[in-house]
Amino acid sequence: MMSATQGQALLPGHASVIVIGGGIMGCSTLYHLAKEGVTDAILLERNQLTSGTTWHSAAQVRALRSTRNLTDLIRYSISLYSTLEHETGQATGWINKGSLSIATQPDRLIHIRRQEALAHLFGVEAQSISVGEAKERWPLMNTEDVIGAVWSPGDGRVSPSDLCAALTKGARQRGAGIFEETAVIGILTEGNKVVGVETPSGQIRCDAIVLCTGLWSRRNAQMAGVDIPVWPCEHYYLLTKPVEGIVGNLPSLSDHDHHLYIRDDSGGLLIGCFEPHAKSISPELIGEHAPFNLLPEDWTHFEPMMINAMHRLPCLETAEVRMLLNGPESFTPDGSFLLGESAETRGFFLGCGMNSVGVATGGGAGMALAQIIVRGRPPADLHEVDPKRFPACFNSVAALAARAPEVLGKHYAITYPGDQWDSARNLRRLPLQDQWRNEKPYLGQFGGWERPLYFHCDRKPTLRFNRPEWFEQVGREVRQAHEQAALFDQSTFGKIRVEGPDAEVFLNRVCANDMSKPVGRVVYTAMLNEHGGVESDLTSFRLGDECYRLYVGTTAVKRDIAWLGRHLTARDRVRIRDETETYAVIGLMGPDTADVAVRMGAGELNNLPYFHHTGIEIAGIRVRAARLSYVGEAGWEFTCRAEDAPALYGVIRASGVRSAGLFAQTSMRIEKRYLSFGHDLDTGINLLQAGLGFAVDWNSDFIGRTALLRAKETTSGSHIVSVLLEDDRGCPLGNEPVYHDGALVGQTTSAAFGYRVGKPVALVHLNMSGKRLDGARVQVDIARQLFESTIVCRPVFDPDGQRMRV
Ligand SMILES: Cc1cc2nc3c(=O)[nH]c(=O)nc-3n(C[C@H](O)[C@H](O)[C@H](O)COP(=O)(O)OP(=O)(O)OC[C@H]3O[C@@H](n4cnc5c(N)ncnc54)[C@H](O)[C@@H]3O)c2cc1C
């Protein structure tokens, strides 16, 4: 191994890991790789370190994110940034002055109180304070319209260039090399795996590559045959000359109703914004060879924000402007970054698309990425930032250029339940899209598909935190499915065909349940990691001795195919194919379905036993019917070719059945305690904790079995329970803290109004071992208001599943 120093021209011939890009993500990843023992790792930066987006970051570090594990990444950043100087001798500029969020309208107050509750759940210090106290913390603030505030003392900020200097110093001290003025101009692959990079000074071979190239990542990834949806927007802040009254450092001030964040800067003010109508920009226009580049000032664009800022800080009227900084930052279609291995190319890891939290998250994200590369898994479940969550339809320039500004614009928006994206819609057509149009659906986007949420009202609802506008309509759809029959479009399920002479043996290795069941059986199972955590839960149909179809979650298909592919050995005679778009799935559910089947000329379906499937013709259309239900009513899920779906829909509708949307399905699923990956399940939860022990075949030698056997000795009962709220007006959404006797004992994961039980119902990850749970009283904290609730250990509706087994 060659030891490298800055400015050194001689590149090594080989490095175990090559990090591309010298912003916060690259520097942090390199530092953590070296800390993990990869002391020959190198970083290649085509200009100078931090010369992309990082140098001009406002660099605020606020701990709270939407999930515990993303919050933990920032908490790790905070502890790293505050201690790195001690380790390396290089200051990071860490200033811990806390942050202050103010509200000027009632829904914002609910929003920040929900954030406060979330902070308590994740162990982040946060508390509501009076307007007077807020004014004391920010004396220059005009508080005439402020109605409440939340104070978070642990937050702070950093100097991004100093931070990167400290990280690279720490990396060098451990042997890692850094090469500036060294662009990567090609990525070498062999058999779908990276083997090296091409630079103007020659090739470097390697075992893994980490792409940390910020807004340039989309084009760079294409060099490795990987498509990723990352796109830049212009991003503004204003800097003033010193302002009277600013003495020392102040907390960061968030006035999200006016799209602003404010902090002191060298005795003056830094006023940044997430304006509702942002501007996307092509990466080509930003240029590659102009380090420390900024975009032109646009005062017309910034003016509304300036007016807002002058309202909040009247002192701005006389402050002298130093500059209006317009720097580019990259965004992804769902506002979360990309961290982990790509689906397409092995050994090609991504750490990019940071959505304006790159400096705050960088420390933890670099640590997690290094662990993924070295240990094969992140420190905790990070499925929400897995690059494999996006379908290809999001990668087009048109979709990205339309969506990125909306993502920026929503960064400070109130997170209302049911909110949908306005841009980059209609990317993927459901087979029944034309049919739905006639039923006036209100559509939501899932995995790029447009899926009906509810029917008979297609205008955009007014969003709110209490009972939503669609409450009555969804109730009608649930009653339809519960009292008569309803049709549910489930075509967005991923469908994966696994076939070949070794399909059974292979699936028994990667799935926890018995996959040797005969043709015609349906099996609910899960793919586990070595630690027993759930990588995916799925329903399998055995179609032939050597052929299975796996039904997986809407956004899980790319990730699951990659997981299956990575567990195939050269000896396995197995083919894996994505059939998601080839087939449609239509659910027909409700007590009247037996009669509907007869009316459709398919009466023999009534003899199909529970969890069995069969091929059948309905009005001349070839259909695979399976008796199972995601909503807890009698019926079948029909799989047919996508092009046959409109005809099948026509036959079912002609039999008097009405349609029901996703909101009805979700309410019914929660009443039945059916768990959903990404909400109730993730890679950090094992099947026993989830109460899914029935989906395990202990006789089979599946991946994760050893860990699960160990867990069996320590896990008592399910950790996921239902709770029923007493007050029907309570609107839990998921991610609320749950208390018992004043102690935090759990968190809601999915929640809805349960129309069949007449109460709000939530699924809860509970940590109350040793207590008698069923019937115990708990309180659900919704925006700091405690709602009395009762634990129910079984499903709150039809716990024995009698209604499905007619
Ligand atoms: C105005 C503004 C304010 C912000 N405020 C905050 C804030 O308060 N808090 C926060 O957390 N975040 C903030 N951000 C966001 C944060 O700055 C970014 O998320 C972060 O800096 C991105 O870091 P990065 O390492 O991903 O990308 P970059 O810093 O852009 O680094 C990518 C590097 O890759 C290099 N590169 C590209 N292609 C190649 C190649 N082929 N070969 C070699 N090198 C290559 C580039 O030269 C560049 O140096 C702000 C951003 C802006 C614009």
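## How the model was read

The model is predicted, and local features were considered at pLDDT of at least 70, side-chain atom pairs at pLDDT 80 or more, while totals for chains, interfaces and linings use all residues. Residues are numbered from 1 along each chain as its sequence is written, and side-chain values use heavy atoms, with hydrogens and water left out.

## The ligand and its surroundings

The ligand is surrounded by 39 residues, of which Glu45, Thr54, Gln60, Glu329 and Ala360 are the closest; a residue is counted here if one of its heavy atoms lies within 4 Å of the ligand. By class, this shell holds 17 nonpolar, 19 polar and 3 charged residues, where Ala, Val, Leu, Ile, Met, Phe, Trp, Tyr, Cys and Pro count as nonpolar, Asp, Glu, Lys and Arg as charged, and the others, Gly among them, as polar.

Polar backbone atoms also face the ligand: one of Val184 is 3.0 Å from a nitrogen atom of the ligand, while a backbone N or O atom of Gly358 lies 3.1 Å from a ligand oxygen atom, and one of Val359 lies 3.0 Å from an oxygen atom of the ligand. On its own the ligand has 1,000 Å² of accessible area, and the protein covers 98% of that area (Shrake-Rupley method with a 1.4 Å probe). Two or more residues of the shell come from each of helix H1 (24-35), strand E12, strand E16 and helix H10 (358-375); helices (H or I, at least four residues) and strands (E, at least two) are DSSP runs, numbered from the N terminus.

The 12 residues of H1 should span 16 Å at 1.5 Å a residue, and its end C-alpha atoms are 16 Å apart, which agrees; the expected span is 1.5 Å times one less than the number of residues. H1 is mostly covered, with 11 of its 12 residues buried, where buried means under 20% relative accessible area, exposed over 50%, and partly exposed in between (1.4 Å probe, protein chains only). After H1 comes Gly37, whose phi is positive, near 100°.

For H11 (residues 397-409), 13 residues should span 18 Å, and the end C-alpha atoms are 19 Å apart, which agrees. Its buried residues, including Ala399, Leu400 and Arg403, pack against helix H7 (217-222) and strands E12 (231-240), E16 (321-331) and E19 (442-446).

## Two buried residues

Ser536 lies in strand E24 (residues 534-544) and counts as buried at 2% relative accessibility. Its side chain is joined to that of Asp560 by a polar contact of 2.6 Å, a polar contact being a pair of N or O atoms within 3.5 Å; within protein, one must be able to donate a hydrogen and the other to accept it, and residues adjacent in sequence count only if both atoms are side-chain atoms. Leaving aside neighbours within four places in sequence, the contacts of Ser536 (heavy atoms within 4.5 Å) include Thr525, Met527 and Phe677.

Arg627, found in the loop between strand E29 (621-626) and strand E30 (635-641), is buried, with a relative accessible area of 4%.

## Positive phi angles

Most residues other than glycine have a negative phi. Asp741, in the loop between strand E33 (737-740) and strand E34 (743-754), has a positive phi of about 50° although it is not a glycine, and Asp741 is exposed, with a relative accessible area of 70%. Asp798, in the segment after strand E37 (785-792), has a positive phi near 45°, but Asp798 is buried, with a relative accessible area of 14%.
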